[in-house]
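Work through these exercises with the model open beside you. Try each task before you read its solution.

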Amino acid sequence: MPKDVVNIGRGVTLLRVDNGGRFRPTNCLLIDSEAGLVLIDPGADSESNITAITSAAKQMGYPEKKVVAAFATHGHPDHVGCFERVRAAFDCECYVHPLDFPLARSFPTHFKKVMAALTTGGYVSREEPEGDLLRRLLDGVGDPLEARVRVTELTDEIAGMYGLSLVETPGHTMGSVSLLPNVNPGVMSVGDTVLPTLTAFLTSVDEFFRSMAVLRASSPRILVPGHGELLSPALDWINQMESKYRSRVEQVIATAQPAMKLSRARTLIYGDLRDNLNQVGERTVALQLAQTLGYLKYGVTKGYLVEDRSDGIVKFRKAERAP
Ligand SMILES: [Zn+2]
């Protein structure tokens, strides 16, 4: 077998699809279930992924075109982007959690909305360099990226029909799920909820912490992350991922004194804004702003911080009576 195809034991094969080089490779699982061959995370919109899936399926003893269903752990384009091609190649349904439908259907539209909310919500002012950066970025996110992906609602029943157990693990995205193949229940496909780099974008910090407890409770043996090496023992990785983000949140809450703008908080965590960023660099900064806002809002939800809107631009400061 080529080195990008790994048998994880009892009916589960890991295939690292290359996404045509547009994204980092995605870990795709092929599951030999009672219902037939089931895919998890076929990856980005690339025909090379279909070729790789077809040949891995053949190695597993499946004839041509025998994939019966495809699932995604969440709605990001490097996980669901290939759905249209999967549907065309195998004539099967493609499932994602309904909370990730907006993401999955059109990531650029979703991205624009999140970025625009930073300025319209009063978190970044148009006068700051960050405000200028967001404006340029939003102008640059064009409609050519507007590929529409069709998705079907992932439910417990649907997962069960195809030999999978579904565990909701929101945080990275609101519709993030983890999937356990019934043929090999020690293996858990967690998408980008736990990654070997211990770094993931968190849409909701609060949900993420809850999901870490949920993952621990399902006591998996091996985690299959969305990208990179398999994670084992699973519990160690779950704990490491959680403690990294616990300290990050503590760091943000500790620096919020006296009053701090979002752009200042981002600088404290990620470093100074450099001049002449390319579009990828600008996108990274924008995501860092959104992520930092997530930490600060978590601090507000938990009663450590308050939002001060007296200046027009939102400032965060320590709550009088922090818990
Ligand atoms: Zn993701």
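**Exercise 1. Domains**

Which domains does the domain assignment of the protein give?

Solution. This is a predicted model. The assignment gives domain 1 (5-106 + 147-246) and domain 2 (107-144 + 256-318). Next, take the centres over C-alpha atoms: those of domain 1 and domain 2 are separated by 30 Å. Then look at the contact, which takes 11 residues from domain 1 and 10 residues from domain 2. On the side of domain 1 that touches domain 2, helix 4 (101-105) and helix 8 each supply at least two residues.

**Exercise 2. Confidence**

Find which element has the lowest mean pLDDT and which the highest.

Solution. Start with the whole protein. Its average pLDDT is 91, and 96% of the residues score at least 70. Now go element by element. Strand 1 (residues 5-9) has the lowest mean, 86. Strand 11 (residues 222-225) has the highest, 98. Keep one caution in mind: where pLDDT is low, predicted coordinates should not be read in detail.

**Exercise 3. Helix 6**

Check the length of helix 6, then sort its buried and exposed residues.

Solution. Step one is the length. Helix 6 (residues 129-140) has 12 residues, and at 1.5 Å a residue they should span 16 Å. The end C-alpha atoms of helix 6 are 17 Å apart, which agrees. Step two is burial. Glu 130, Leu 133 and Leu 134 are buried in helix 6. They cover an arc of only 100° around the axis, which puts them on the same side of helix 6. Step three is the face turned away from that buried side. Here sit the exposed residues Pro 129, Asp 132 and Asp 139. Step four is packing. The buried residues of helix 6 pack against helix 5 (107-120), helix 10 (262-270) and helix 11 (279-301).

**Exercise 4. Helix 10 and helix 11**

Where do the buried residues of helix 10 lie around its axis, and what do they pack against?

Solution. First list them: Leu 262, Ser 263, Ala 265 and Arg 266 are the buried residues of helix 10. Seen down the axis, they fall within an arc of 160°, so they line one face of helix 10. They pack against helix 6, helix 9, strand 12 (259-261) and helix 11. After helix 10 comes Gly 271, with a positive phi near 100°.

Turn to helix 11. Its 23 residues should span 33 Å at 1.5 Å a residue. The end C-alpha atoms of helix 11 are 33 Å apart, which agrees. Its buried residues include Val 285, Leu 289, Leu 293 and Tyr 298. Just after helix 11, Gly 303 takes a positive phi of about 85°.

**Exercise 5. Backbone details in loops**

Is Asn 19 buried or exposed?

Solution. Asn 19 is found in the loop between strand 2 (12-17) and strand 3 (26-33). Its phi is near 55°, a positive value in a residue other than glycine. Count C-beta neighbours inside 10 Å: Asn 19 has 23, so it counts as buried.

Asp 41 is in the loop between strand 4 (36-40) and helix 1 (47-59). Asp 41 is not a glycine, yet its phi is positive, about 55°.

Pro 233 lies in the loop between strand 11 and helix 9 (234-255).

**Exercise 6. Phe 209**

How many C-beta neighbours inside 10 Å does Phe 209 have?

Solution. Find Phe 209 in helix 8 (residues 205-217). Phe 209 has 16 such neighbours, so it counts as partly exposed. Then compare sequence and space. Phe 209 and Pro 170 are 39 residues apart in sequence, and their C-alpha atoms are 9.2 Å apart in space.

Technical notes: Residues are numbered from 1 along each chain as its sequence is written. This is a predicted model: local features need pLDDT of at least 70, side-chain atom pairs count only at pLDDT 80 or more; totals for chains, interfaces and linings use all residues. Helices (H or I, at least four residues) and strands (E, at least two) are DSSP runs, numbered from the N terminus. The expected span of a helix is 1.5 Å times one less than its number of residues. A residue is buried if 20 or more other C-beta atoms lie within 10 Å of its own, exposed if 12 or fewer, and partly exposed in between; C-beta atoms are placed from the backbone. The arc is that of the directions from the helix axis to the C-beta atoms. Two residues are in contact if their C-beta atoms, placed from the backbone, lie within 7 Å. pLDDT is the predictor's confidence in each residue, from 0 to 100. Domain bounds come from an automatic or database domain assignment.
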